Each structure stands twice: as C-alpha cells, then as structure tokens.
Amino acid sequence: MMRVINAPQENIMDMLTRRIAPHTRKWIEANPISAIGFVQTSVPDLFYYADLAGKTANVYTVELFGSCPQTTTTLAVLGETSAVRMAMAAIEAAAQPAAF
C-alpha cells in the first residue's frame, strides 16, 4: 500500500515524529517537508525502496516504528513535494511485476 500526503498538518507531523528515531526528529526540524510518502512493504523491500528513493530524488527516508518488523514495515519518504512524488513513482514502478 502506498500513500502520499501533501502539505501535512501539524498533527500529522506530531504523529510521525512519535514513530521515528530521535536523530530523524532533528532532521525533520531542520528541513522543510512539504510532502510525505508512505509505503507499507516487506523488510527486504524497505531497504530496496529506501535506496531507490534516495537515488531518484532529494528525499530523506525512514522506517516507522510500530509496524510488525518481522514481516511488514512502513517506509516514510520525506521532502519537497516534487521530490517525494518522483521517489514514489520510482518505487511504484519497481513494485510492478516484470513483464516477460
């Protein structure tokens, strides 16, 4: 499942910061965030998609606490709207089954 929030409200940012590591909270405070992309996925795909997002656009990725880390987890893609959209499009394309 994938979702994007444009112009997240303050309460959304509060919920997000409760589910991330302290060093990531500092990054959020120091950088403008105009969009957040969310991807619920497997643990191996989390790392693959985070790497892909970072190589595709100027975004910051973080795993959210509170998911089932053994099988399913959630990746947050943070940054400017256009960068988040670009990263999420790359993730969506990579998630599609390959056609032979």
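Leaving aside neighbours within four places in sequence, Met88 is in contact (heavy atoms within 4.5 Å) with Met2, Arg3, Val4, Gly37, Phe38, Val39 and Val77. The structure is a predicted model, in which local features need pLDDT of at least 70 and side-chain atom pairs count only at pLDDT 80 or more, while totals for chains, interfaces and linings use all residues. Residues are numbered from 1 along each chain as its sequence is written, and side-chain values use heavy atoms, with hydrogens and water left out.

Met88 lies in helix α4; helices (H or I, at least four residues) and strands (E, at least two) are DSSP runs, numbered from the N terminus. With a relative accessible area of 5%, Met88 is buried. The term buried means under 20% relative accessible area, exposed means over 50%, and partly exposed covers the values in between (1.4 Å probe, protein chains only). Met88 and Ala53 are 35 residues apart along the chain, and their C-alpha atoms are separated by 7.1 Å.

The packing of helix α4 against helix α3 was examined next. Two packed helices are described by the angle between their axes and the distance between the axes. Helix α3 spans residues 43–56 and helix α4 spans residues 81–95; their axes come within 8 Å and cross at roughly 135 degrees. Helix α3 is therefore oblique to α4. In this scheme, angles under 35 degrees count as roughly parallel, over 145 as roughly antiparallel, 65 to 115 as roughly perpendicular and the rest as oblique. The axes are lines fitted to C-alpha atoms, for helices over the stretch in contact, and the angles run from 0 to 180 degrees between N-to-C directions. The crossing of α3 and α4 is right-handed. A crossing is called right-handed if the near helix is turned clockwise from the far one by less than a right angle, and left-handed if anticlockwise.

On the side of α3, the contact is made by Tyr48, Tyr49, Leu52, Ala53 and Thr56, and on the side of α4 by Met86, Ala87, Ala90, Ile91, Ala94 and Ala95. The residues of this contact between α3 and α4 comprise 10 nonpolar, 1 polar and no charged. Here Ala, Val, Leu, Ile, Met, Phe, Trp, Tyr, Cys and Pro count as nonpolar, Asp, Glu, Lys and Arg as charged, and the others, Gly among them, as polar.

Ala95, which lies in helix α4, is partly exposed at a relative accessible area of 40%. Between Ala95 and Thr41 there are 9.9 Å in space, C-alpha to C-alpha, and the two are 54 residues apart in sequence. Thr41 is placed in strand β2 (residues 35–41) and is buried, with a relative accessible area of 10%. Not counting residues up to four places away in sequence, Thr41 touches Leu46, Tyr49, Thr71, Thr72 and Thr73. Thr73 is in turn found in strand β4 (residues 73–79) and counts as buried at 1% relative accessibility. Thr73 and Met1 are 72 residues apart in sequence, with 11 Å between them in space, C-alpha to C-alpha.

Aromatic rings were also considered. A pair of aromatic rings is described by the distance of the centres and the angle of the planes. The structure holds 2 aromatic pairs. The rings of Trp27 and Tyr60 have centres 4.2 Å apart and planes at 10 degrees, so this pair is stacked. Rings of Phe, Tyr and Trp (its six-membered ring) pair if their centres lie within 6.5 Å; planes under 30 degrees apart count as stacked, over 60 as edge-to-face and the rest as tilted. Because Trp27 lies in helix α2 (residues 22–30) and Tyr60 in strand β3 (residues 60–64), the pair ties together parts that are 33 residues apart in sequence. Trp27 is partly exposed, at 24% relative accessible area, and Tyr60 is also partly exposed, at 22%. Thr24, likewise in helix α2, is buried with a relative accessible area of 1%. Thr24 touches Tyr60 and Val62, not counting residues up to four places away in sequence.

The loop between β1 (2–6) and α1 (10–18) contains Ala7. Ala7 has a positive phi of about 50 degrees although it is not a glycine, and Ala7 is exposed, with a relative accessible area of 58%. Gln9 is placed in the loop between β1 and α1 and counts as exposed at 55% relative accessibility. The C-alpha atoms of Gln9 and Ser34 are separated by 9.7 Å, and these residues are 25 residues apart along the chain.
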